[in-house]
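Please keep the structure open while reading.

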Amino acid sequence: MIGRLLPLIVFLGLGGLLFAGIQLNRVRDSSVVQSPLIGKPAPDFRLPELLDPAREVARADLLGQVYLLNVWASWCVSCRLEHPVLEAFSASGEVPLIGLNWKDEKPDALRWLRQFGNPYAAIAHDPDNRVGLHFGVYGTPETFLIDAEGTIRYKHIGPLTFDIIDQQVRPLLRELRGEG
Amino acid sequence: MRRLLLAWLLLPALALAAIDPLPFKDREEEARFRNLAEELRCMVCQNQNLADSDAPLAKDLRREVFDLMRQGLSDDEIRTFLVERYSDFVLYRPPIRANTMLLWFGPALVLLVGAVAVTLIVRRRAQALAAQHGVKTSDNDAPDREETW
């Protein structure tokens, strides 16, 4: 009896396994790799400002405030998708938005800003991935929430949406403000 | 025809093209770099290692690995440097940990389950056969195991 049912049992077992694989991927996209940097001090950086090369954007100068570091590039299609969300969030004035222009050509980046608008308080220019690499950036857009002590509290991979800001970023901001 | 043959012969050189020319000082350094690049994952393509990938990010990481080598870091220190930034995922051979046990030993486990199942089935068949045989032998007194299969 059991011998006859065995192929069915094996089939159901395999089916279950594959289904679990699909479900897992639905809950957590397997192409998203969790950053080991959350809870750790943000890597030190000092880069020229994209719009005003006489200025610099540096971790040391940003200490003492909570800010979002958004990694973007003009060649990045998802960044265009994300752009209106950033504009709206930046306009709300809840948290300063610092850009990290990553692996991008300066003229392209400037054209992009002219065309779509500039939601950033300052933009660090990192054409050679000298800083992005230390942040473990492997695509755009990526967004880090960095607290007043310079610790990375949160990372989002992929474009930010209004839902993600409401459900993940804002509660964390409230928590950080409560602490401070 | 001769040109075609030449092109054909040069084809394997394309396989090496993914590695951008880095100023290696000797063969040994190049071999060491290759070994490292082969066991590090390209984060963008995910199923390719650093040595094989043409992705711009892989190029950056190769440059970084090379710079770290030049700074005198050991292979382990370079691996740790990358894991601290990109997580264990950057290693093509994941470390053995509680959450990678299934990954490492899952195939052996499945094989074991299969082996047990086969053993059980074979044994049961042999028993059934022996039982059948028992009836037969009482009939003609000349058991022949081979033929009963």
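A residue counts as buried if 20 or more other C-beta atoms lie within 10 Å of its own, as exposed if 12 or fewer do, and as partly exposed in between. The model is predicted.

Q: Which residues of α3(A) are buried?
A: The cut-off for a buried residue is 20 or more other C-beta atoms within 10 Å. Helix α3 of chain A covers residues 77-91. Those of its residues that are buried are C79(A), E82(A), H83(A), L86(A) and F89(A).

Q: Which residue just after α3(A) takes a positive phi?
A: Just after it, a positive phi of about 70° is taken by G93(A).

Q: Are α2(B) and α3(B) roughly parallel or oblique to each other?
A: Helix α2 (residues 27-38) and helix α3 (residues 56-70) of chain B pack with their axes 11 Å apart, at an angle of about 135°. Angles over 145 degrees count as roughly antiparallel, under 35 as roughly parallel, and 65 to 115 as roughly perpendicular. The relation of α2(B) to α3(B) is therefore oblique.

Q: Which residues of α3(B) meet α2(B)?
A: The crossing of the helices α2(B) and α3(B) is right-handed. On the α2(B) side, the residues in the contact are R32(B), F33(B), L36(B) and A37(B). In α3(B) they meet R62(B), V65(B), F66(B) and M69(B).

Q: Where is the cis peptide bond that ends at P141(A)?
A: P141(A) is found in the loop between β5 (122-126) and β6 (142-146) of chain A. With omega near -10°, the cis bond runs from T140(A) to P141(A).

Q: Is N129(A) buried or partly exposed?
A: N129(A) is found in the loop between β5 and β6 of chain A, and has a positive phi of about 60° although it is not a glycine. A buried residue needs 20 or more other C-beta atoms within 10 Å. N129(A) has 19, so it is partly exposed.

Q: How many other C-beta atoms lie within 10 Å of that of S87(B)?
A: S87(B) is in the loop between α4 (75-86) and α5 (101-140) of chain B, and its phi is positive, near 70°. S87(B) is partly exposed, and the number of other C-beta atoms within 10 Å is 16.

Note on methods:
Residues are numbered from 1 along each chain as its sequence is written. Chains are lettered from A and ligands numbered from 1 in the order in which they are written. This is a predicted model: local features need pLDDT of at least 70, side-chain atom pairs count only at pLDDT 80 or more; totals for chains, interfaces and linings use all residues. Helices (H or I, at least four residues) and strands (E, at least two) are DSSP runs, numbered from the N terminus. The expected span of a helix is 1.5 Å times one less than its number of residues. Axes are lines fitted to C-alpha atoms, for helices over the stretch in contact, and angles run from 0 to 180 degrees between N-to-C directions. A crossing is left-handed if the near helix is turned anticlockwise from the far one by less than a right angle, and right-handed if clockwise. Two residues are in contact if their C-beta atoms, placed from the backbone, lie within 7 Å.
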